[in-house]
Amino acid sequence: MTEIRFTVIGDPTPKGRPRFSMAKGFVQTYTTDKTRSYENEVGMMAKAAMGGRKPLEGPLAVQIVQTYAVP
């Protein structure tokens, strides 16, 4: 079994809802900068953890552990 672990530093950021705008008479959907930035950070950490290996195929099991600061 292949195990890949990585850590994303900072507070977990929920996926923001899509935003809509009008441009030249058409509705365009976009992702907020905060969501895009966090998704890119997670992607970079995952890519680094893969160490150049090919993407995994087939059924996968995923375990996500989130920690939060005490309010």
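**Entry 1. Met44**

I began with Met44, which is found in helix α1. The model I am reading is a predicted one. I looked up the accessibility of Met44 and found a relative accessible area of 57%, so Met44 counts as exposed.

**Entry 2. Confidence**

Before going further I checked how far the prediction can be read. The mean pLDDT of the protein is 89, and 100% of its residues reach 70 or more. I noted that confidence is highest in α1, at 93. It is lowest in strand β1, residues 19–23, where the mean is 89.

I returned to the helix and compared its length with expectation. At 1.5 Å a residue, the 18 residues of α1 should span 26 Å, and the end C-alpha atoms are 26 Å apart, which agrees.

Which residues of α1 are buried? I found Thr35, Tyr38 and Met50. They cover an arc of only 115 degrees around the axis, which puts them on the same side of α1. On the other side I found Asp33, Lys34, Met44, Lys47 and Ala48, which are exposed.

I looked at one buried member in more detail. Tyr38 lies in helix α1. Its relative accessible area is 19%, and the cut-off for buried is under 20%, so Tyr38 is classed as buried. The C-alpha atom of Tyr38 is separated by 22 Å from that of Pro71, a residue 33 positions away along the chain.

Just after α1, I recorded that Gly51 takes a positive phi of about 60 degrees.

**Entry 3. Salt bridges**

I next searched for charged pairs, since side chains of opposite charge can pair when their charged atoms come close. How many salt bridges does the count come to? The count comes to three.

The pair Glu3 and Arg5 forms a salt bridge, with the closest N and O atoms 2.6 Å apart. Both Glu3 and Arg5 are exposed.

Lys15 and Glu39 also meet through their side chains in a salt bridge, at 2.6 Å from N to O. Lys15 lies in the segment before β1 and Glu39 in helix α1, so this pair ties together parts that are 24 residues apart in sequence. I checked the exposure of each partner. Lys15 has a relative accessibility of 60% and therefore counts as exposed, whereas Glu39, at 37%, counts as partly exposed.

The side chains of Arg36 and Asp33 form a salt bridge as well, at 3.4 Å from N to O. Arg36 and Asp33 both lie in helix α1, three residues apart, which is about one turn of the helix. I recalled that an α-helix has 3.6 residues a turn, so residues three or four places apart point the same way. Within this pair, Arg36 is partly exposed at 37% relative accessibility, and Asp33 is exposed with a relative accessible area of 60%.

**Entry 4. Lys24**

I turned to a backbone angle. Most residues other than glycine have a negative phi. Lys24 is not a glycine, yet I found for it a positive phi of about 55 degrees. Where is Lys24 found? It is in the loop between β1 and β2, the latter being residues 26–30. Lys24 has a relative accessible area of 82%, so it is exposed.

**Entry 5. After α1**

I moved on to the segment after α1, where Ile64 lies. Is Ile64 buried or exposed? With a relative accessible area of 68%, Ile64 is exposed. I found that Leu56, Leu60, Val62 and Ile64 make a nonpolar surface patch of about 450 Å².

Thr67 is also placed in the segment after α1, the helix being residues 33–50. I found Thr67 exposed, at a relative accessible area of 62%.

Definitions and conventions. Residues are numbered from 1 along each chain as its sequence is written. This is a predicted model: local features need pLDDT of at least 70, side-chain atom pairs count only at pLDDT 80 or more; totals for chains, interfaces and linings use all residues. Side-chain values use heavy atoms; hydrogens and water are left out. Helices (H or I, at least four residues) and strands (E, at least two) are DSSP runs, numbered from the N terminus. Buried means under 20% relative accessible area, exposed over 50%, partly exposed in between (1.4 Å probe, protein chains only). pLDDT is the predictor's confidence in each residue, from 0 to 100. Patches are made of residues with over 30% relative accessible area and no salt bridge: like charges are joined within 9 Å, nonpolar side chains (Val, Leu, Ile, Met, Phe, Trp, Tyr) within 5 Å. Accessible areas come from the Shrake-Rupley method with a 1.4 Å probe; for residues, only the protein chains shown count as cover. A salt bridge is a side-chain nitrogen of Lys or Arg within 4 Å of a carboxyl oxygen of Asp or Glu. The expected span of a helix is 1.5 Å times one less than its number of residues. The arc is that of the directions from the helix axis to the C-beta atoms.
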